[in-house]
Amino acid sequence: MPSSPVGQRRLAILELLKDPVRYFPSPRHTDPQADGVTAAAVATRLGVDRTVADAHLSLLAALGLLRTKRIRRRTHYRRDEVRIAEVARMFEKGW
């Protein structure tokens, strides 16, 4: 487990997105499970500024751990379970 607060925050985001229906209120026009959640929702849940959450989410998406979906003018993020499993296998093999 990463010892830095930054690494811990990214792990927390991945954990929260495992069950978005449980951790995030359902907006009117989207489904957190199917569509994902916004940076603003993640920021509120973590108690950080939206730009901080957006930076973490953007990095996780760039690494392929999160998928993005544009709905109206907002980007929604959800886990890419296949990619996360691939990365986990790489670390298990001693990468």
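Among contacts in the chain between residues at least 6 apart in sequence, 44% join residues at least 24 apart. Contact means heavy atoms within 4.5 Å. This is a predicted model: local features need pLDDT of at least 70, side-chain atom pairs count only at pLDDT 80 or more, and totals for chains, interfaces and linings use all residues. Residues are numbered from 1 along each chain as its sequence is written, and side-chain values use heavy atoms, with hydrogens and water left out.

The chain has six helices and three strands. Helices (H or I, at least four residues) and strands (E, at least two) are DSSP runs, numbered from the N terminus. From that end, the elements run α-α-α-β-α-α-β-β-α.

The C-alpha trace spans about 45 × 25 × 25 Å along its principal axes. With 95 residues, a compact globule would have a radius of gyration near 12 Å; the chain has 13 Å, which agrees. That radius is taken over C-alpha atoms, and the globule rule is 2.2 Å times the number of residues to the power 0.38. Buried residues make up 32% of the 95 residues. Buried means under 20% relative accessible area, exposed over 50%, partly exposed in between (1.4 Å probe, protein chains only).

Two helix pairs follow. Axes are lines fitted to C-alpha atoms, for helices over the stretch in contact, and angles run from 0 to 180 degrees between N-to-C directions.

| Pair | Angle | Axis distance |
|---|---|---|
| H1 and H4 | about 110° | 11 Å |
| H4 and H5 | roughly 115° | within 8 Å |

H1 covers residues 5–16 and H4 residues 39–46. H1 and H4 are roughly perpendicular to each other (65 to 115 degrees). Their crossing is right-handed, meaning that the near helix is turned clockwise from the far one by less than a right angle. Arg9, Ala12, Ile13 and Leu16 in H1 meet Val42, Arg45 and Leu46 in H4. These residues divide into five nonpolar, no polar and two charged. Ala, Val, Leu, Ile, Met, Phe, Trp, Tyr, Cys and Pro count as nonpolar, Asp, Glu, Lys and Arg as charged, and the others, Gly among them, as polar.

H4 and H5 are also roughly perpendicular. Their crossing is right-handed. On the H4 side, Ala39, Ala40, Val42 and Ala43 take part; they meet Arg50, Ala53, Asp54 and Leu57 in H5.

His56 lies in H5 (residues 50–62). His56 is buried, with a relative accessible area of 7%. Leaving out residues up to four places away in sequence, His56 touches Val6, Arg9, Arg10 and Ile13.

Definitions and conventions: Parallel < 35°, antiparallel > 145°, perpendicular 65-115°, else oblique.
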